[in-house]
Every structure is written in structure tokens, then in C-alpha cells.
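Let's take a walk through this structure, one piece at a time. Have the sequence and the 3D view open as you read.

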Amino acid sequence: MAVLSLTDQLTSLEVAKRTQGISEDSRKIIEELVQHNELLIDAPLMEANEGTVHSTLVRTAIPHGQHRGYNEGVGQGSSQTKTIQDVISNIEIYSTVDKQLVDEAAHPTELMQSEQSAFIEGLSQDITDDLIYGNHAADPRYTNGLATRLSSTSNKFCISMGGSASGSMTSVYLIKWGMDKARIIYPRGSKNAGVEYNYLGEQTVKDGNGREYQAYRAHYRIARGLAIRNSMSVIRLCNIDPTASNIGKTVAEKIVRVMPLLARGAGTVSIACNAEMKGLFNVAALGLTNIILPSEDPWGNEVLKIGNARFREC
């Protein structure tokens with residue numbers, strides 16, 4: 001198994017293992033969220049610096065020196081920065097299971113665990129939707145996702161692959177994760193890294209017609225946001241037509257070409273795509289054995305890679 005890099009040591013899975021004070025319930029939910037959401041496997045997790053908002057100072061211009069000759073002076077230089085504020089999406093839901101259904105089940109514990117798994121999988125899908133499509137300007141309850149941040153091909157980091165089939169387009173994202181690059185954030189002061197589970201026990205509830213019955217209830221809360229400190233940390237390949245001939249090979253070769261544009265320095269690179277594109281990359285790998293390579297991630301999971309970049313389904 002590969003050695004964990006510094007970025008790998010800061011992922012939600014590692015935070016759940018290493019942080020004192022996280023409840024056992026929250027720890028298990030974090031582990032299960034990662035199982036359902038590959039996008040969270042590589043992403044470092046950090047606490048927001050202002051409650052449910054994270055302020056990031058982004059450098060927009062780098063100062064450069066001047067060549068100096070004898071008896072000549074040089075001008076002054078300074079960098080230019082701007083502050084970006086990223087918000088955290090707060091996702092909550094209650095589960096309600098008929099008490100009699102549980103009590104009369106052959107395996108009540110397994111039934112409740114199955115119910116919990118369904119809710120966690122749903123919450124995982126909600127997180128993925130937020131991290132990709134969230135639009136804070138359209139709805140202030142949402143964090144800004146990758147598609148919102150890279151919404152126009154006028155941005156050199158949003159590159160069109162030329163597809164034009166209405167309704168079937170998709171995107172692939174190259175994400176360089178790191179504490180000074182792209183990372184996931186959770187509310188400041190959260191004791192359980194933004195994940196809460198409360199078993200509320202037996203309660204009297206009402207059905208759709210207003211009639212009462214007894215049920216076991218639980219409350220789930222997941223708080224996650226996306227913060228990008230370096231704008232060169234994400235590249236979007238958009239307008240991909242998954243029905244186009246040899247599209248897996250075409251996109252893989254494009255990834256090889258644009259990957260050097262990502263921010264320099266330490267970090268983990270993910271290639272985020274949907275299940276259909278991941279399947280097309282699997283097929284392309286059969287003929288691109290020198291580009292797309294089977295490997296393992298640091299946690300022993302089988303994964304395809306281009307260079308050091310890991311394919312992740314989202």
C-alpha cells in the first residue's frame with residue numbers, strides 16, 4: 001500500500017480516524033459518506049475560519065524583480081490579492097421508521113442500519129450535487145460548486161471538448177487538492193467535523209393524513225463547503241459528448257495535455273467524472289496502457305490513474 005502524503009493525511013477519512021472528540025456515530029457516518037462519494041476520498045478537510053463562512057486571500061498578481069546595472073536603482077514591487085468568501089451548505093434530514101415495523105422484524109438492528117445507510121447514501125449524493133453544481137448567487141443556502149466557478153469557456157481553465165448534443169453533455173474535472181489549493185470546509189467550532197447524528201428515540205408522529213402512530217426517529221446533519229485558494233487548482237473539460245466515437249481516448253489524451261496547467265507544488269490530483277465517463281475511461285485504458293494505468297490509492301482501493309492523478313466517480 002502506498003504511503004500517505006501530507007494531503008492524504010488531511011482527508012475526511014483520516015480526520016475521522018485521528019481527531020479526538022469525534023463521536024463514534026459521526027465517525028462511522030464520515031466513513032460511509034466516503035464509500036458512497038469518491039470525490040471525498042482525496043479531498044483535504046479543514047475547519048472554516050469564520051463560522052459557516054471561510055475567507056480566503058487569493059493572490060491575483062505576483063511581483064517580479066528587475067535586472068539592475070551598476071549605479072542603477074530598481075523600482076518597488078508588490079503582489080496583488082483579493083478576498084473570496086466561501087459558504088458552507090447545511091444539509092439536514094429526519095428519518096422516521098414505524099416502531100411496529102422495527103419491533104416485529106426478524107433482525108431489528110439490521111433493519112435500522114439498512115435505513116441509516118439509505119439516508120447516508122442520499123446525503124452523500126446531496127453533497128456531490130453541491131460540490132459540483134451549487135450556486136450561492138441563485139440560492140444562498142448553497143456553496144459554490146465547480147461548475148459554477150468554471151461556467152464559461154472564456155476562462156482558460158474551462159476547456160470545451162466540442163460536443164453539441166443537447167441534453168447529453170457532461171464534464172470532467174481535474175482537481176488539485178491541498179490546503180493551499182482546493183479543499184473541503186466544515187463549520188468552525190464543529191465537534192464532529194460538520195457531521196452530526198442524533199437518535200431521538202420513540203416519538204409520536206403523523207402520517208400524510210394527519211393520523212398519529214409511534215415511530216423511531218433520528219436526525220442527520222452534514223455541513224460541507226468548497227474553498228479554492230489557488231484558481232489554477234481546477235480545470236474543467238466541458239461539452240463532452242459521451243456518445244462520440246473514441247471519446248474516452250480523446251478526453252484521456254486531453255487530460256495529459258492540460259494537466260501541466262494545474263497549480264504547482266504539493267497536492268493530490270483527482271480526475272472527477274460521472275459513472276458513464278468512468279466506464280469509457282475503463283474501455284480506453286485497454287488501448288492506452290502507457291497512459292491510463294491500473295493502480296491502488298493509499299488506502300488500498302483499486303483505481304485508474306493518469307500519471308499521479310486518480311480517477312474518481314462523482
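A residue counts as buried when its relative accessible area is under 20%. At 2% relative accessibility, F311 therefore falls in the buried class. Keep in mind that what you're looking at is a predicted model.

F311 belongs to strand 13, so let's stay with that strand. Strand 13 covers residues 309–313, and four of its five residues are buried, so the rest of the structure largely encloses it.

What does strand 13 pair with? One partner is strand 10 (residues 268–273), which runs parallel to strand 13 and is joined to it by four bridges. To find the spot on screen, look for A272, which sits opposite R312 of strand 13. Strand 12 (residues 302–306) is a partner too, this time in the antiparallel sense, with two bridges. Here I306 faces A309 in strand 13. Strands 12 and 13 make a hairpin with two residues between them, and G307 in that turn has a positive phi of about 60°.

Now for the helices. Two packed helices are described by the angle between their axes and the distance between those axes. For helix 7 (residues 247–258) and helix 8 (residues 275–285), the axes come within 8 Å and cross at roughly 90°. The two helices are therefore roughly perpendicular to each other. On the helix 7 side, the contact is made by I247, G248, K249, V251, A252 and I255, which meet M277, L280, F281 and A284 of helix 8.

Next, the rings: the structure holds three aromatic pairs. Take F119 and Y220, whose ring centres are 5.6 Å apart with the planes at 10°, so this pair is stacked. It ties together distant parts of the chain, since F119 is in helix 5 (residues 108–133) and Y220 in strand 8 (residues 212–228), 101 residues apart. F119 and Y220 are both buried. Ring pairs also bring in Y197, linking F119, Y197 and Y220 into a cluster.

That leaves a pair that takes us back to where we started. F281 and F311 form a tilted aromatic pair, 4.7 Å centre to centre with 45° between the planes. F281 in helix 8 and F311 in strand 13 are 30 residues apart, so this pair, too, links distant parts of the chain. Is F281 buried or exposed? Its relative accessible area is 0%, so F281 is buried.

Conventions:
Residues are numbered from 1 along each chain as its sequence is written. This is a predicted model: local features need pLDDT of at least 70, side-chain atom pairs count only at pLDDT 80 or more; totals for chains, interfaces and linings use all residues. Side-chain values use heavy atoms; hydrogens and water are left out. Buried means under 20% relative accessible area, exposed over 50%, partly exposed in between (1.4 Å probe, protein chains only). Two strands pair if DSSP finds at least two bridges between them. Axes are lines fitted to C-alpha atoms, for helices over the stretch in contact, and angles run from 0 to 180 degrees between N-to-C directions. Angles under 35 degrees count as roughly parallel, over 145 as roughly antiparallel, 65 to 115 as roughly perpendicular and the rest as oblique. Contact means heavy atoms within 4.5 Å. Rings of Phe, Tyr and Trp (its six-membered ring) pair if their centres lie within 6.5 Å; planes under 30 degrees apart count as stacked, over 60 as edge-to-face and the rest as tilted.
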